[in-house]
Amino acid sequence: MLPYIDGLHFLPYGAFMLRRPARHPAFGEAILAVLSILLAGCATGEVDPGIPPMSFEQRCAQPGVVKCFGFDSQEETEPFIYPPYGMTIKRGRVVTDVKASGAGSLRFEIPSNTGADTSGSFWQNFSDNFGTQFGEGEEFFVQWRQRFSPELLNTSYREGGGWKQAIIGEGDRPEKTAYSCTQLEIVVQNTYQRGAPEMYHSCGGKDGSYEVLDQQVRSVRYQPNQWMTFQVAIKIGTWYRNDRRYHRDSAIRLWVAEAGQRSRLAVDQTRYDLANDDPGARYGKIWLLPYHSNKNASQRHATAYTWYDELIISRSRIADPDQ
Ligand SMILES: [Ca+2]
């Protein structure tokens with residue numbers, strides 16, 4: 001089995017750019033601020049679920065939790081860490097000096113003079129026997145903590161389309177290993193290095209596009225040197241079969257929290273269609289990775305780091321962390 005991120009991620013995002021042209025930053029911020037005020041009161045996903053903040057252990061003990069991964073052991077994490085494509089040296093490893101909880105976290109190093117696959121990836125099926133996957137009529141939630149070094153946030157990566165944070169996609173089956181670039185995939189990333197998480201769906205497999213989830217309620221900007229919290233909710237209605245017959249019955253949401261603060265709704269994509277024309281394919285796998293499309297390998301820059309901790313997959317909304 002090749003340790004690679006599917007080659008389609010190397011494609012330039014030309015169509016993607018056309019669908020969402022770069023805007024004047026100040027104007028964009030103003031529009032988003034107004035939208036935030038208008039939408040804050042009416043977006044259903046904004047309603048505080050009334051769940052008190054909890055520790056990682058408490059969150060993992062809740063009914064509905066499918067998997068928790070604490071990155072506390074190099075031995076347990078190692079089999080799921082891949083090196084950058086074509087390399088054997090891994091740039092992801094468990095470290096014990098920086099962590100959200102427990103004994104460690106997963107740290108990726110982003111060295112100078114690296115191309116798009118700066119650091120390899122970590123992946124995890126929702127269940128080890130592939131028994132827990134999500135299809136039509138189901139909803140699931142994915143939460144993780146992530147920390148960013150100032151170098152990652154302050155460096156302008158030449159030609160970079162923005163670094164990814166996570167890919168939620170098709171799960172493995174006994175007879176089929178799923179790679180990261182699938183029709184189902186939902187990606188959270190720092191699109192065009194704008195400084196806040198944005199999302200897209202489908203690795204070119206929905207109507208031939210990387211479709212931006214454009215219902216961005218607000219931009220919650222990345223902060224250096226703190227454990228932020230990200231939670232994605234995916235509600236699957238009827239799969240869209242790439243036949244131009246839309247169902248508008250799926251929804252994707254993203255909440256983001258700065259350290260010590262409550263989660264805020266960032267993306268609220270309702271009346272949506274999730275593409276999947278493979279009857280056997282369901283959501284069942286997550287990749288954590290700082291993969292940076294189009295990053296120019298000739299650029300010298302400071303070594304940067306990002307850390308992940310407290311990964312949770314659940315059938316119900318996950319509480320905010322209590323620290
Ligand atoms: Ca940990």
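What share of the contacts in the protein with a separation of 6 or more comes from residues 24 or more positions apart?

**View 1. The whole protein, as a predicted model.** Residues 24 or more positions apart supply 76% of the contacts with a separation of 6 or more. The protein has 323 residues, and 46% of them are buried. Its secondary structure consists of five helices and 15 strands.

**View 2. An open sheet of seven strands.** Follow the strands across in the order β2-β5-β14-β7-β8-β9-β10, where the pairing is antiparallel. At the edges sit β2 (81–82) and β10 (209–212), each of which pairs on one side only. As a friendly reminder, strands of a sheet pair through backbone hydrogen bonds, either parallel or antiparallel.

**View 3. The pairing of β7 with β14.** Here we look at residues 164–170 of β7 beside residues 283–288 of β14. Five bridges join these two strands in the antiparallel sense.

View 4. Gly-64 counts as exposed because 12 other C-beta atoms lie within 10 Å, and a residue with 12 or fewer is exposed. Beyond its neighbours within four places in sequence, Gly-64 is in contact with Ser-314, Arg-315 and Ser-316. Do look for Phe-140 too: this residue is 76 residues from Gly-64 along the chain, and their C-alpha atoms are 9.2 Å apart.

Methods:
Residues are numbered from 1 along each chain as its sequence is written. This is a predicted model: local features need pLDDT of at least 70, side-chain atom pairs count only at pLDDT 80 or more; totals for chains, interfaces and linings use all residues. A residue is buried if 20 or more other C-beta atoms lie within 10 Å of its own, exposed if 12 or fewer, and partly exposed in between; C-beta atoms are placed from the backbone. Two residues are in contact if their C-beta atoms, placed from the backbone, lie within 7 Å. Helices (H or I, at least four residues) and strands (E, at least two) are DSSP runs, numbered from the N terminus. Two strands pair if DSSP finds at least two bridges between them.
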